[in-house]
Amino acid sequence: MSTEKTDISQELLELVAREGMVDMSEISPESRLEDLDIQSADFVMILMALEEEYGVYISVDNELTEVQTVQDLLTLAETKIREGQKDATA
Amino acid sequence: MTRVVVTGLGAVSACGLGADLLWKGVAEGQSGVRPLSFEALPNQRVGTAARLSDEDKTRVTESEGHRMRDPVAQYALVAAREAIEQAGLGPNDFGDECGVVIGSGFGGAQTLDDNYIAFGVDKNMRLDPMAVPKIMNNAAASWVSMETGASGPIYSPSTACSSASQSIGLAYQLIKAGAVKRCLAGGAEACLVGGVFRVWELLRVMTAEKNRPFSKDRNGMTLGEGAGVVVLESFESAQARGATIICELAGYATNSDAGDLLRPNPDRAAACMSAALADSGLEARDIGYVNAHGTGTVANDVTETTALKTVFGDELAGLEVSSTKPIHGHTLGAAGAIEAIVSIQALKNQLAPPTINFNEVDPKIGFDPVGNEARPLRTKAVMSNSLAFGGVNASLVFKAFDG
């Protein structure tokens with residue numbers, strides 16, 4: 001996999017906007033999820049899409065309690081995706 | 001006032017067939033969590049559950065099985081037979097004087113799953129003609145009543161993770177009210193099938209790693225399966241039969257959050273525990289051990305700890321608390337019965353079983369459960385709690401029998 005980090009960040013940002021039903025023009029990594037009105041049900045949709053597209057499983061638990069901004073979520077997702085790729089090639 | 005006593009215990013769990021093997025597993029901290037995989041679920045995200053060993057599963061569902069019974073009914077029957085044998089109940093002890101209250105969360109999940117796949121995927125029109133009576137939630141209770149001849153009231157509470165605690169509590173109330181002399185009470189769950197497992201994955205409350213209740217690094221629950229059945233009877237009835245009394249079921253309470261399906265309310269959990277204490281006539285300081293609901297999800301652990309501190313004081317002084325779910329798993333509709341049996345055994349053996357996989361106190365809740373090693377108890381009373389999805393709380397208080 002030679003995906004550039006910036007590409008995946010952009011893809012993930014688009015995924016969060018699409019599944020969280022927020023306009024791309026309103027979303028930025030610094031946005032707080034709360035301010036974007038992304039609620040727990042939207043969260044589950046985002047996590048389901050991450051599973052479908054990247055094969056990562058994130059439980060709605062400790063890992064998510066510290067997530068406040070879109071960037072927090074992107075960082076968590078990217079970490080999980082990288083772990084998954086490492087496992088797949090190991 | 002009618003006193004209610006426990007005279008028999010029976011359990012089927014990942015720890016083995018029998019209440020003694022369940023106790024051995026929890027007391028020694030031997031987890032029954034095993035790898036599991038489903039043919040129809042190739043992209044499985046969570047790969048473990050506290051499932052029965054292959055030998056036990058074969059024995060329960062094939063050697064002793066019946067083509068009219070889903071595994072869930074089979075688990076309930078095996079647990080009931082054990083409890084009846086221990087209680088020493090004979091053929092004349094059933095009839096209208098004996099009720100059956102056995103709950104389940106998912107009922108005949110295996111039958112439903114197999115038939116949906118046969119119908120929806122394989123387009124097979126020749127399905128199991130007995131699917132309905134195998135799937136229905138009350139089948140386990142009905143099989144227990146048919147096999148024993150217990151023809152008193154029959155109920156099958158389906159209140160998710162509180163089903164079996166409510167079953168035991170309802171049976172206690174029936175006996176106290178004088179409606180029956182005795183009851184076979186508990187719960188059964190055989191939910192470890194692809195379809196059910198996948199919808200739990202979707203809810204994302206299961207951990208892909210180890211179940212670590214109350215630990216700072218917790219990351220969700222681990223599912224389990226099995227059954228627990230207890231024989232409850234009025235003190236007079238047990239005495240008249242010359243039965244050996246294991247302990248007294250001294251108090252019970254249940255309430256509803258009336259708030260949110262998934263987010264528990266600590267005030268309501270605390271109110272439930274307090275009401276069970278009041279019903280038992282005991283004080284908080286009389287309780288030496290609590291078997292917590294302790295699922296290992298952040299929502300449960302924070303709520304339950306807050307509730308425990310409200311009822312037992314901030315320091316939880318003189319109280320041992322553990323979650324035994326990392327050992328027998330979260331058995332949903334059987335959980336309340338399996339954990340009631342663990343609590344009764346803890347009282348009998350004066351030993352608080354450990355919360356295995358515990359690594360570190362979570363500063364968010366500041367609570368140090370019985371971690372990794374069992375601790376000795378000196379107590380005459382214990383409590384078992386269930387806090388279910390749907391906002392259903394249930395607490396049971398068991399007391400040493402003192403004549």
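Colleague: Which residues is Val229(B) in contact with, leaving aside its neighbours within four places in sequence?
Modeller: This is a predicted model. In it, Val229(B) is in contact with Gly10(B), Ala76(B), Ala79(B), Ala80(B), Ala83(B), Ile102(B), Leu184(B), Ala185(B), Gly186(B) and Ala337(B), once neighbours within four places in sequence are left aside.

Colleague: Which residues have the most contacts inside the largest nonpolar core?
Modeller: They are Ala76(B), Cys183(B), Leu184(B), Val229(B), Val230(B), Leu232(B) and Ile341(B), in a core of 142 residues. Helix H3 of chain B, residues 71-87, supplies the largest share of this core, with 11 residues. At least three core residues come from each of domain 1 (4-241) and domain 2 (252-399) of chain B.

Colleague: On those domains, how many residues of each are in contact?
Modeller: On the side of domain 1 of chain B there are 63 residues, in contact with 53 residues of domain 2 of chain B. Helix H7 (163-176) of chain B gives the largest share of the domain 1 side, eight residues. That side divides into 29 nonpolar, 27 polar and seven charged residues.

Colleague: And what separates the centres of the two domains?
Modeller: Taken over C-alpha atoms, the centres of domain 1 and domain 2 of chain B are separated by 21 Å.

Colleague: Ile102(B) was among the contacts of Val229(B). Is strand E5 of chain B enclosed or open, and why?
Modeller: Strand E5(B), residues 98-103, is largely enclosed by the rest of the structure, because six of its six residues are buried. Cys98(B), Val100(B) and Ile102(B) are buried on one side, and Gly99(B), Val101(B) and Gly103(B) are buried on the other. In general, side chains in a regular strand alternate between the two faces of the sheet.

Colleague: Which strand is joined to E5(B) by six bridges?
Modeller: That is strand E7 of chain B, residues 182-189, which runs parallel to E5(B). Within E7(B), Gly186(B) is the bridge partner of Ile102(B). E5(B) also pairs in the parallel sense with strand E6 of chain B, residues 154-155, over two bridges. There, Val101(B) has Tyr155(B) as its bridge partner.

Colleague: Turning to helix H6 of chain B, how many of its residues are buried?
Modeller: Seven of the 10 residues of H6(B), which covers 139-148, are buried, and the helix is mostly covered. The buried ones are Ala139(B), Ala140(B), Ala141(B), Trp143(B), Val144(B), Ser145(B) and Thr148(B). Their cover includes H3, E5, helix H5 (131-135), E6 and E7 of chain B.

Colleague: What follows H6(B)?
Modeller: Gly149(B) follows H6(B), with a positive phi near 85 degrees.

Colleague: What do the buried residues of H11(B) pack against?
Modeller: They pack against helix H3 (62-65) of chain A, and also against helix H10 (266-280), strand E10 (289-291), strand E11 (320-322) and strand E14 (381-388) of chain B. The buried residues of H11(B) include Val298(B), Asn300(B), Leu308(B) and Phe312(B).

Colleague: Why does Leu308(B) count as buried?
Modeller: Leu308(B) counts as buried because it has 26 C-beta neighbours inside 10 Å. Not counting residues up to four places away in sequence, Leu308(B) touches Val290(B), Leu316(B) and Val321(B).

Colleague: Where does Val205(B) lie, and which residues is it in contact with?
Modeller: Val205(B) lies in the loop between helix H8 (194-203) and E8 of chain B. Leaving aside neighbours within four places in sequence, Val205(B) is in contact with Ser59(A) and Val60(A), as well as Gly220(B), Met221(B) and Thr297(B). Val205(B) is buried, with 23 other C-beta atoms within 10 Å. Its C-alpha atom is separated by 10 Å from that of Asn300(B), although Val205(B) and Asn300(B) are 95 residues apart along the chain.

Note on methods. Residues are numbered from 1 along each chain as its sequence is written. Chains are lettered from A and ligands numbered from 1 in the order in which they are written. This is a predicted model: local features need pLDDT of at least 70, side-chain atom pairs count only at pLDDT 80 or more; totals for chains, interfaces and linings use all residues. A residue is buried if 20 or more other C-beta atoms lie within 10 Å of its own, exposed if 12 or fewer, and partly exposed in between; C-beta atoms are placed from the backbone. Helices (H or I, at least four residues) and strands (E, at least two) are DSSP runs, numbered from the N terminus. Two strands pair if DSSP finds at least two bridges between them. Two residues are in contact if their C-beta atoms, placed from the backbone, lie within 7 Å. A nonpolar core is a set of buried Ala, Val, Leu, Ile, Met, Phe, Trp, Tyr and Cys residues joined through C-beta atoms within 7 Å. Domain bounds come from an automatic or database domain assignment. Ala, Val, Leu, Ile, Met, Phe, Trp, Tyr, Cys and Pro count as nonpolar, Asp, Glu, Lys and Arg as charged, and the others, Gly among them, as polar.
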